[in-house]
Amino acid sequence: MKRFFQSFYGKLSMLFLVLLLLLGTAQIWLTLKTTETFQAEADQQLNLSLANNLIPDFEPFLTDSIDFKGIKNMFHYMMVVNPYIEIYLIDDSGKVLAFFAEPSKKLKRHEIDLKPVQTFLDDDYEGTLYGTDPRDDIREKPFSVAPLQIGENNGFLYVIIGGEEYDTAVDQARADFVKQAMIRGLLFTLLAAGIIGLVLFFFMTRRLRHVAEVAIDFEQGNFSRRVDTGGNDEFGHLAESFNTMADTLVANMDELKKTDELRRELVANISHDLRSPLASIKGYLETILMKEDRIKPDERNKYINIIY
């Protein structure tokens, strides 16, 4: 196992699996965000005229001042029928005048940004238009809005689409969905793409393993081994380079062998050429030494001249 992770195939496989895991996670996140954006746009398009449709129900309670008791009873009925929305009465400066929801809930922001409201009323937008969510510090949500007369003042009926109860239900459902999607989706992705990728990497690195095997055999003395090129890609160029290097090394080794044979032949020839004169010199010297007392001076000089 350790040898597998140290191999190029093992490292490439681990890198591929990690990348696959990251891409799978990113795909799930992107799917969730896309679904959320699509849901928000669909909800807003479906409820564009919601605020306008609710105004006739609210106008009787806003003739002189805000009849909180009457509106509260009506809103309780609306929340039972459709807990998906939150309704606000705001004045022409964006200040929240009334908020109809559960008594235990409190506002986080008491003013509405009127720029999205005006953009909505002018119908000058594409896609999803987000407005201030008074029950969150920074979050914005799809909405529907319509102008409304509150007593003698101008105001707006501001409807948040997808209220806090909806968020709670969606968060819980999303958590379950993400958990199931990550477990099932990632397992399926890793299993299917992992098997396919590992098999492809095995065949892709097979030629590289062949180069390594031939190089090991060449190092151990099998100088006849060569690599099959098998293509014109990087592995093919590597195989051609190895084969060229091997041919050059073998040619240099043959030249060295020939040079060594010539050296041996030269030494043998020189030894043979020197053996006869050296033997003659040795014979004359032995004669002079053996007949030192009896040899005549003329004869000694003759032998010395011959040796010379």
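**Close-up views of a predicted model**

**Figure 1. The side chains of Arg263 and Asp260 meet in a salt bridge, with N and O 2.8 Å apart.** A salt bridge here is a side-chain nitrogen of Lys or Arg within 4 Å of a carboxyl oxygen of Asp or Glu. The model is predicted, so local features need pLDDT of at least 70 and side-chain atom pairs count only at pLDDT 80 or more, while totals for chains, interfaces and linings use all residues. Residues are numbered from 1 along each chain as its sequence is written, and side-chain values use heavy atoms, with hydrogens and water left out. Both partners belong to helix α7 and stand 3 residues apart, about one turn of the helix. Helices (H or I, at least four residues) and strands (E, at least two) are DSSP runs, numbered from the N terminus. Arg263 counts as partly exposed because its relative accessibility is 44%, and Asp260 is likewise partly exposed at 28%. Buried denotes under 20% relative accessible area, exposed over 50%, and partly exposed the range in between (1.4 Å probe, protein chains only).

Figure 2. Within it, the side chains of Asp133 and Arg139 meet at 3.5 Å, N to O. Asp133 is buried, with a relative accessible area of 2%, whereas Arg139 is partly exposed at 31%. A search of the whole structure finds 6 salt bridges.

**Figure 3. Asp247 forms a salt bridge with Arg226, the closest N and O atoms being 2.8 Å apart.** Because Asp247 lies in helix α7 (residues 234-290) and Arg226 in the loop between α6 and α7, the pair ties together parts that are 21 residues apart in sequence. Asp247 is partly exposed, at 41% relative accessible area, and Arg226 is also partly exposed, at 25%.

**Figure 4. Ser144, in strand β4 (residues 140-150), is buried, with a relative accessible area of 0%.** The Ser144 side chain reaches the backbone nitrogen of Ala51 at 3.2 Å. Apart from neighbours within four places in sequence, residues in contact with Ser144 include Asn47, Phe120, Leu157 and Ile161; contact means heavy atoms within 4.5 Å.

**Figure 5. The largest nonpolar core has 20 residues, and those with the most contacts inside it are Leu54, Phe58, Leu62, Leu89, Leu157 and Val159.** At least two of its residues come from each of α3 (50-58), α4 (68-81), β1 (85-91), β4 and β5 (153-161). Helix α3 gives the most, with 5 residues. A second, separate core of 15 residues includes Ile90, Tyr125, Tyr158 and Ile160. A nonpolar core is a set of buried Ala, Val, Leu, Ile, Met, Phe, Trp, Tyr and Cys residues joined through side-chain atoms within 4.5 Å.

**Figure 6. Leu191, Ile195, Val199, Phe202 and Phe203 make a nonpolar surface patch of about 470 Å².** Patches consist of residues with over 30% relative accessible area and no salt bridge, like charges being joined within 9 Å and nonpolar side chains (Val, Leu, Ile, Met, Phe, Trp, Tyr) within 5 Å. Leu191 lies in helix α6 (residues 164-219) and counts as exposed at 54% relative accessibility. Accessible areas come from the Shrake-Rupley method with a 1.4 Å probe; for residues, only the protein chains shown count as cover. The chain exposes about 21,100 Å², of which carbon and sulfur atoms supply 60%. Of its 308 residues, 29% count as buried, and its secondary structure comes to 8 helices and 5 strands.

How values were computed:
Polar contact = N/O pair within 3.5 Å; in protein donor to acceptor, adjacent residues only side chain to side chain.
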